[in-house]
Amino acid sequence: MRGERRLLRVGEYLIGRACRHLPAEARDERYREWAAELPAILADPDVRPAARRAARMLRYASGTIRGTALTPGSARRVLAHAARAAPPFIVLGVVDYLLGWAKTPQDWIYLGIGALLGRLAISGCRLAYRRWGKGLGKGMTAAIEARARTRAQARARARAAGILQARALAGSVNAAVGHAAGSFPRRKLGPGYRAAEVDEFIARIEATLSGNARPGPAITAADVQAVTFNVTRHGGYEERTVDEVLDHYARELDQASWRL
Amino acid sequence: MRMTAPLERVLRAFLADPVDPRYGYDLMKAAGLKSGTLYPLLSRLEDEKLVTSAWETPQQDGQRPRKYYRLTAKGAEVARLELAQVSAGRPRSRAHPARPLPGSLG
């Protein structure tokens, strides 16, 4: 490509800037790594025309600056933040100048202080919002709910594993005595599956699996997928945990049916 | 390490072919991330021993050797688990009132 050498030099300059932010021991290796990618980007056959490759290469090189400025342990974190905070001040300065708000040097100083205080107030509000006001925004609420769901799912999984283990350990004993080991956690507040129904259903599954279908007809994996429970307002079993355990049993029943 | 959207994308890119060594630029393309996002992630993954990197053997054509990354055995395992967890986290409902009692299923 025409001017390739020059482009590469620009890219290498940017990477050099980025590497300055890195701790000394990592600097040289990173520089070599990134510098080696530049010609590869310029030669990327998937990207056309050449100008787009050049732009991409430069974006790559300048992106590394952002990366190193924000990596923990990099030398210039504060500066990176300052660089991000600067544009509003510059805009304010230009507007002041154009509108002639500030006439004397004192005016400029006051404006500067005012802008700084305003900026601090904004950061303060943002921080407070992030900390306490999370439920305010709709998108944010959704994101938080999604996260909570993931966590609840992980918790349910862990609990289900515990319950299954306890049941497997004590399986034969409990079948004989007729009560369930490793019972489900109950929800104190809020709806949950009606405990008696879940217990009964699981007893039937276990009876099926152990080849002893006494409490009722044999259960199949499809029954487990289709089963529904009534919900109590308080004190029911935690739904996710029950679901996890039932999923496990459905798999087991499926395998058992193949074995038969 | 907390699961974030960029991290998820990087792991997916790696898992597309877990044994294939990936260059930084390839990963950027595959994961759709900027260099400034990808490299810090890679170095964190490397710190946690989920990813290893190595230098390409120098070639005759005078090109500089590139550095490539790949998942470690532990990394591949962790990545699979984490991604499975992410997809499991999506909601799913089984329960709701006014359903037949399990006893009536026959």
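Colleague: What makes α3(B) largely enclosed by the rest of the structure?

Modeller: This is a predicted model. In it, 10 of the 13 residues of α3(B) are buried, so the helix is largely enclosed. A residue is buried if 20 or more other C-beta atoms lie within 10 Å of its own.

Colleague: Which residues of α3(B) are buried?

Modeller: S35(B), G36(B), T37(B), L38(B), Y39(B), P40(B), L41(B), L42(B), S43(B) and L45(B).

Colleague: What span is expected for helix α3 of chain B, and what does it reach?

Modeller: Helix α3 (residues 35-47) of chain B has 13 residues. The expected span is 1.5 Å times one less than that number of residues. That gives 18 Å, and the helix reaches 18 Å from its first C-alpha to its last, close to expectation. K49(B) follows α3(B), with a positive phi near 65 degrees.

Colleague: Turn to chain A. What is its pattern along the sequence?

Modeller: α-α-α-α-α-α-β-α-α-β-α. That is nine helices and two strands. Of its 260 residues, 22% count as buried.

Colleague: Where in chain A is confidence lowest, and where highest?

Modeller: Helix α4 (residues 77-99) of chain A is lowest, at a mean pLDDT of 70. Helix α2 (residues 24-42) of chain A is highest, at 89. Chain A averages 78, and 80% of the residues score at least 70.

Colleague: Where does pLDDT stay under 50?

Modeller: Over residues 73-78 of chain A, for which the model has 10 contacts beyond four places in sequence. Also over residues 172-179 of chain A, with five such contacts. Where pLDDT is low, the predicted coordinates should not be read in detail.

Definitions and conventions. Residues are numbered from 1 along each chain as its sequence is written. Chains are lettered from A and ligands numbered from 1 in the order in which they are written. This is a predicted model: local features need pLDDT of at least 70, side-chain atom pairs count only at pLDDT 80 or more; totals for chains, interfaces and linings use all residues. Helices (H or I, at least four residues) and strands (E, at least two) are DSSP runs, numbered from the N terminus. A residue is buried if 20 or more other C-beta atoms lie within 10 Å of its own, exposed if 12 or fewer, and partly exposed in between; C-beta atoms are placed from the backbone. pLDDT is the predictor's confidence in each residue, from 0 to 100. Two residues are in contact if their C-beta atoms, placed from the backbone, lie within 7 Å.
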